[in-house]
Structure formats: C-alpha cells, structure tokens
Amino acid sequence: MERDEVVKIKIIPPSGCGKKIYEIDPLLLTHRDHLDFCFGRYLRLREDIDKHEGGLDPFSRGHENFGFRQSITGITYREWAPGAKSAALIGDFNNWNPNADVMTPNEFGVWEIFLPNNADGSPPIPHGSRVKVCLCRWFATNSS
C-alpha cells in the first residue's frame with residue numbers, strides 16, 4: 001500500500017435483535033433457549049470486538065499485526081497465545097537463551113516484544129537466523 005493511500009474501513013453493522021429467525025423458521029422455536037443463549041454470547045463478543053478492535057473489519061485483519069514486523073528502529077514480534085503463562089523469543093541471535101528476550105502479554109493474550117536495532121543500525125535478528133517462540137503453560141516450581 002502506498003503511503004498516501006487512504007485506508008477505507010468497512011463498517012459491518014451489528015445484527016438485529018435475533019428474533020426474526022423464529023418468524024422465518026418456526027421449527028427453531030423448540031431450540032429457542034439455546035439459540036438465544038448463543039446469540040447473547042455473539043452479542044457480547046461482538047461488543048468486545050467493536051470496543052477493543054475497532055470492529056470486525058480491523059479484527060479480521062489481525063494477521064497484518066502478528067508475526068515479525070520490521071521497522072526502521074527494530075523488529076516487533078507478536079503472538080496470540082492466551083493460555084501461555086510465559087513467552088520468549090529464542091534463536092541464534094540470543095544463543096537460544098529463553099531469559100534473554102522475554103515477551104510481555106496484554107489483556108487479550110497477545111504476547112509482544114520489540115527488539116531495537118543494534119548500535120551499528122543492523123537488525124537485531126540477522127537474515128537467515130533460526131528463531132523459535134518458547135511458550136510455557138505453567139510456571140516452573142522447585143520440587144526440593
């Protein structure tokens with residue numbers, strides 16, 4: 001995308017009250033409790049998406065923000081791992097040290113780290129490096 005292009009965000013309106021479906025198909029009335037429950041969950045999730053992500057369109061483009069993103073000042077890495085208790089970026093660039101580049105989570109389970117460029121301006125992770133994300137679902141405990 002060119003720098004001067006205007007990004008047009010498609011607004012997807014929220015659905016109606018969720019009751020018209022019963023007029024369309026009266027046989028669904030036997031499952032009304034469950035369908036109303038599911039629709040209520042959808043409305044709550046949709047409200048969260050609209051509030052925190054700016055709507056369904058930006059939310060559906062999450063892939064544009066995840067993974068490695070290089071800027072002129074360094075590299076940002078983002079990973080969605082809501083069940084993780086810790087996360088770290090490891091690889092050739094830090095001698096596979098899981099304590100060297102620890103990621104921080106946000107309230108939605110997105111883990112992130114920013115690695116600034118080296119003092120000479122070179123990227124913190126050289127091209128062709130082997131890199132992994134170390135995710136842990138629990139905290140290590142001392143069993144002594």
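Residues 24 or more positions apart account for 59% of the contacts with a separation of 6 or more in this protein, a contact being heavy atoms within 4.5 Å. I begin with that figure and turn now to the basis of the model.

The structure is a predicted model, in which local features need pLDDT of at least 70 and side-chain atom pairs count only at pLDDT 80 or more, whereas totals for chains, interfaces and linings use all residues. Residues are numbered from 1 along each chain as its sequence is written, and side-chain values use heavy atoms, with hydrogens and water left out.

The protein has three helices and six strands, in the order α-α-α-β-β-β-β-β-β from the N terminus. Helices (H or I, at least four residues) and strands (E, at least two) are DSSP runs, numbered from the N terminus. Of the 144 residues, 20% count as buried; buried means under 20% relative accessible area, exposed over 50%, and partly exposed in between, with a 1.4 Å probe and protein chains only.

Next, the largest pocket. Its space is about 490 Å³, and 16 residues line it, with Glu-53, Phe-59, Phe-66, Phe-108 and Val-110 nearest its centre. Two or more lining residues come from each of helix 2 (32–53), helix 3, strand 2 (74–80) and strand 5 (110–116). Which element gives the most to this lining? Helix 2 does, with five residues. By class, the lining holds eight nonpolar, four polar and four charged residues. Here Ala, Val, Leu, Ile, Met, Phe, Trp, Tyr, Cys and Pro count as nonpolar, Asp, Glu, Lys and Arg as charged, and the others, Gly among them, as polar. On a 1 Å grid over the protein atoms alone, a pocket is an open set of points where a 1.4 Å probe fits, with protein on both sides within 12 Å along at least five of seven lines, and lining residues have an atom within 4 Å of a point. Grid points are joined across faces, edges and corners, and the volume is the space filled by probe spheres set on the points.

I turn to individual residues. Asp-57 sits in helix 3 (residues 56–60). Is Asp-57 buried or exposed? Asp-57 counts as buried because its relative accessible area is 14%. Its side chain makes a polar contact of 2.7 Å with that of Arg-61. A polar contact is a pair of N or O atoms within 3.5 Å; within protein, one must be able to donate a hydrogen and the other to accept it, and residues adjacent in sequence count only if both atoms are side-chain atoms.

Ser-86 belongs to strand 3 (residues 86–91) and is partly exposed, at 25% relative accessible area. Beyond its neighbours within four places in sequence, Ser-86 contacts Trp-111, Cys-134, Leu-135 and Cys-136.

Asn-106 lies in the loop between strand 4 (104–105) and strand 5. The side chain of Asn-106 reaches the backbone nitrogen of Gly-109 at 3.2 Å.

Finally, backbone geometry. Most residues other than glycine have a negative phi. Asn-95, in the loop between strand 3 and strand 4, has a positive phi near 60° and is exposed, at 70%. Trp-96 is found in the loop between strand 3 and strand 4, with a positive phi of about 60°.
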